[in-house]
Amino acid sequence: MSVDTTCCNNSCDNQAISEWIKSEEYKEKNFSREALTINPSKACQPLGAMLCALGIEGCLPFVHGSQGCAAYFRNNLSRHLREPVPTVSDSMTEDAAVFGGQANMIDGLKNAHALYHPAMMAVFTTCMAEVIGDDLKAFITNARNQGAIPEDFPIAFAHTPSFVGSHITGWDNMFKGLLQSLADPRHGKWTNGRLYLVPGFDAYPANLREYRRLVDAMGIPVTILPDASEPMDAPHTGEYELYPGGTPMAELADALNASGFVFMQKYSTQNSFKFVKNVQKINTEVVTMPIGIKNTDNFLMALTEMTGKAVPAELERERGRAVDAATDAHQYIHGRRFALFGDPDLLIGLVGFLLEMGGMPVHIVCTNGNAKFKKEMDALLASSPFGSEGKVYIGKDLWHLHSLLMTEPVDMLIGDSHGKYLAKDAGIPLARVGFPLTDRVNLHRSPIVGYQGAINLISLIANTFIEELDRTCSDERFELLR
Ligand code: SF4
């Protein structure tokens, strides 16, 4: 491209550049960049650890590291949930970076325990603490020995280096840390008769409630571990509660005596899954996030196989309503082209849902996806004629996706609020699904999992298309019926 540098008006150059970045030539350059990431679709590990820790009753998340990092995690969660997120930080600064953060942690644990009276704390790290190699286990032991916290005060911990993985890795590490730190050893073959359901990184409180409703309907005693549905979505009662619900500590302590574990996400629970299944040898299943009808069927069948409980008639009727909703709306989604971005588990679920609706996933960008994810997604796309144009991009960011949208257009973008700039540039609607959702209200309060979630997603996508048609069509085509 040549840009006229003699022009007295920059607008000519700007226009030329804005046209150039829509070109194949620019896309090639964009996809060959190696040392620069622009708008990755992921956050760092401690954010995931914080969400995980919030799901235990009376738990105060404790960030061992910089105060600014802690503010970032809290802000991100608060903006999505529109809820306060109680968290403390031991505010490491330059001196701690040189001499180690032990003094900060001991003071921090002492103050947090005295001021906020938590039932337990969950400690995790930011980059700074990891770069200098702080040892959480030793620091916590020293804090107990020095009387900063009572000898028997429950603390879970996890190292969550932000330069590895993403928020889903942090969720996984913190979950494993909860089990390793606070779960009692397994009592041989005896079980407590409860199924433990592990949601993975899921910032939709409504999804967790939907899981509980479905498993309750099957008559299976269940513990959701961790259950952040109340901390993520506490009722307005006029009284501020610092610790509004969560999985009871006693149920965390008894976790390794579960009759079984079901993990609702694969990629955000990889280490924990191995720990529970291979190390603890507990009856364990992992399912695809139950987004859409087929994935929900598979989830309920997995429950049946694990527990011997049949799917009740009320859930069969609910399934029928979801099939009816899909039939009523299929003409708005069938054959339409989609681009998607987000976390791996969410994308596997969403693409399965689109394929069963006859939608065509074309660009699938997963910044925090790995080779295993790509293989699974490729196989999923190959399983349907509607997946024939689908391409999977792991490790790519939203600026790569921008080039894809400009050179190979689609009808709709599906992803979190960060996608709004891309959708605007591409002149297509954005269906907001994922985390974070910061520019619309209450979306996290409607489930996207289960049969009800399928109805919600069908309505969101179909109505977004219809809204767009009403907004952009000529007067002659502005119809009452759609
Ligand atoms: S990447 Fe590191 S410095 Fe940035 S917010 Fe995360 S922990 Fe803090």
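Q: How much of the protein is buried?
A: This is a predicted model, and buried residues make up 50% of its 482 residues.

Q: What radius of gyration does it have, and what would a compact globule have?
A: The protein has 24 Å. A compact globule with 482 residues would be near 23 Å, so the two agree.

Q: And the box around it?
A: Along the principal axes, the C-alpha atoms fill roughly 75 × 70 × 45 Å.

Q: How many helices and strands?
A: There are 20 helices and 13 strands.

Q: What share of the contacts join residues at least 24 apart?
A: Take contacts between residues at least 6 apart in sequence: 72% of them join residues at least 24 apart.

Q: What does UniProt place at residues 44–465?
A: An unreviewed UniProt entry puts "domain: Nitrogenase/oxidoreductase component" there. Over that stretch the chain is 48% helix and 13% strand. Its end C-alpha atoms are 33 Å apart.

Q: Switching to the ligand. Which residues are around it?
A: Cys44, Pro46, Ser66, Cys69, Tyr72, Thr126, Cys127 and Ser162.

Q: How does that shell divide into nonpolar, polar and charged?
A: Five are nonpolar, three are polar and none is charged.

Q: Now the backbone. Which residues does a cis peptide bond join?
A: One joins Leu225 and Pro226, with omega about -10 degrees. Pro226 sits in the loop between β6 (222–224) and α11. Another joins Phe435 and Pro436, with omega about 0 degrees. Pro436 is in the loop between β13 (430–432) and α20 (450–472).

Q: What is phi for Asn39?
A: Positive, about 55 degrees, although Asn39 is not a glycine. Asn39 lies in the loop between α2 (24–32) and α3.

Q: Why does Asn39 count as partly exposed?
A: Asn39 has 16 C-beta neighbours inside 10 Å. Buried needs 20 or more, and exposed means 12 or fewer, so a count in between is partly exposed.

Q: And Ser91, what is its phi?
A: Near 50 degrees, again positive in a residue other than glycine. Ser91 is in the loop between β2 (88–89) and α5 (94–99). With 17 other C-beta atoms within 10 Å, Ser91 is partly exposed.

Notes. Residues are numbered from 1 along each chain as its sequence is written. This is a predicted model: local features need pLDDT of at least 70, side-chain atom pairs count only at pLDDT 80 or more; totals for chains, interfaces and linings use all residues. A residue is near a molecule or strand if its C-beta atom, placed from the backbone, lies within 6 Å of it. Ala, Val, Leu, Ile, Met, Phe, Trp, Tyr, Cys and Pro count as nonpolar, Asp, Glu, Lys and Arg as charged, and the others, Gly among them, as polar. Helices (H or I, at least four residues) and strands (E, at least two) are DSSP runs, numbered from the N terminus. The radius of gyration is taken over C-alpha atoms; the globule rule is 2.2 Å times the number of residues to the power 0.38. Two residues are in contact if their C-beta atoms, placed from the backbone, lie within 7 Å. UniProt positions are given in the numbering used here, feature names are shortened, and annotations may be inferred rather than shown by experiment.
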